[in-house]
Amino acid sequence: MRVISKDGTVDIPYDETVFTVNDTYIHAYHPATQTLLVARYSSDEKAYRAMEMMREAYTGNPFILQNIEVPQEEVGKLKNILRDCVVIMTRDEQPPRFERITEIVFQFPEDDEVEI
């Protein structure tokens with residue numbers, strides 16, 4: 001997943017970055033850069049909620065199961081485990097594959113878009 005700062009000037013990989021909330025500020029620490037300010041909100045609560053929104057975007061990334069035989073009675077269990085974020089596909093003569101869809105982009109929302 002890619003994370004975009006609130007103002008759109010910073011684009012960083014989620015998996016390689018540490019995000020922190022300090023009062024109303026959200027900072028990103030990435031090995032290839034200095035500490036980056038990625039968002040500022042009008043209240044601590046909004047900053048924490050924006051961080052939750054980012055985590056929800058990441059954990060909500062769908063998975064693809066391709067050419068994996070899953071008994072029909074297990075599909076429901078699998079979807080529950082993966083929070084209904086699974087796509088099961090069959091393609092002839094392709095090897096089995098299980099992967100997370102990673103081309104997800106999260107941009108920190110504007111202050112008035114964060115509900116607390």
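Ser5 sits in the loop between strand 1 (2-4) and strand 2 (11-13). Helices (H or I, at least four residues) and strands (E, at least two) are DSSP runs, numbered from the N terminus. The model is predicted: local features need pLDDT of at least 70, side-chain atom pairs count only at pLDDT 80 or more, and totals for chains, interfaces and linings use all residues. Residues are numbered from 1 along each chain as its sequence is written, and side-chain values use heavy atoms, with hydrogens and water left out.

**A loop residue under cover**

Is Ser5 buried or exposed? Ser5 counts as buried, at 1% relative accessibility. Buried means under 20% relative accessible area, exposed means over 50%, and partly exposed is in between (1.4 Å probe, protein chains only).

Which residues touch Ser5, leaving aside its neighbours within four places in sequence? They are Val10, Val38, Gln107 and Phe108. Contact means heavy atoms within 4.5 Å. Take Val38: Ser5 and Val38 are 33 residues apart in sequence, yet 4.3 Å apart in space, C-alpha to C-alpha.

**The whole protein**

The protein has 2 helices and 9 strands. From the N terminus on, the elements run β-β-β-β-β-α-β-α-β-β-β. Of the 116 residues, 36% are buried. Take the contacts with a separation of 6 or more: residues 24 or more positions apart account for 60% of them. The accessible surface comes to about 7600 Å², and 48% of it belongs to carbon and sulfur atoms. Accessible areas come from the Shrake-Rupley method with a 1.4 Å probe; for residues, only the protein chains shown count as cover.

**Two open sheets**

Strands of a sheet pair through backbone hydrogen bonds, either parallel or antiparallel. Here, two strands pair if DSSP finds at least two bridges between them.

Axes are lines fitted to C-alpha atoms, for helices over the stretch in contact, and angles run from 0 to 180 degrees between N-to-C directions. Strand 1 and strand 9 run parallel, joined by 3 bridges. Arg2 has Val105 as its bridge partner in strand 9.

Another open sheet has 3 strands in the order 3-4-5, and here the pairing is antiparallel. Strand 3 and strand 5 (36-40) stand at the edges with a single partner strand each, so one side of each has no neighbour in the sheet. The twist of this sheet averages 25° from one strand to the next. Strand 3 pairs with strand 4 (residues 25-29) over 5 bridges. Phe19 has Ala28 as its bridge partner in strand 4. Helix 1 (residues 44-59) packs on this sheet and touches strand 3 and strand 4. The direction of helix 1 makes about 160° with that of strand 3.

Asp23 lies in the loop between strand 3 and strand 4. Asp23 is partly exposed, with a relative accessible area of 47%. Most residues other than glycine have a negative phi. The phi of Asp23 is positive, near 60°.

Thr24 lies in the loop between strand 3 and strand 4. Thr24 counts as buried, at 13% relative accessibility.

**Rings**

A pair of aromatic rings is described by the distance of the centres and the angle of the planes. Rings of Phe, Tyr and Trp (its six-membered ring) pair if their centres lie within 6.5 Å; planes under 30 degrees apart count as stacked, over 60 as edge-to-face and the rest as tilted. By this rule the count is 4 aromatic pairs. Two of them are tabulated here.

| Pair | Centre to centre | Angle between planes | Type |
|---|---|---|---|
| Tyr14 and Phe19 | 6.0 Å | 20° | stacked |
| Phe19 and Phe108 | 6.4 Å | 55° | tilted |

Phe19 lies in strand 3 (residues 18-22) and Phe108 in the segment after strand 9 (105-107), so their pair ties together parts 89 residues apart in sequence. Tyr14 is buried at 16% relative accessibility. Phe19 is buried at 12%, and Phe108 at 2%. Ring pairs link Tyr14, Phe19, Tyr58, Phe106 and Phe108 into a cluster.
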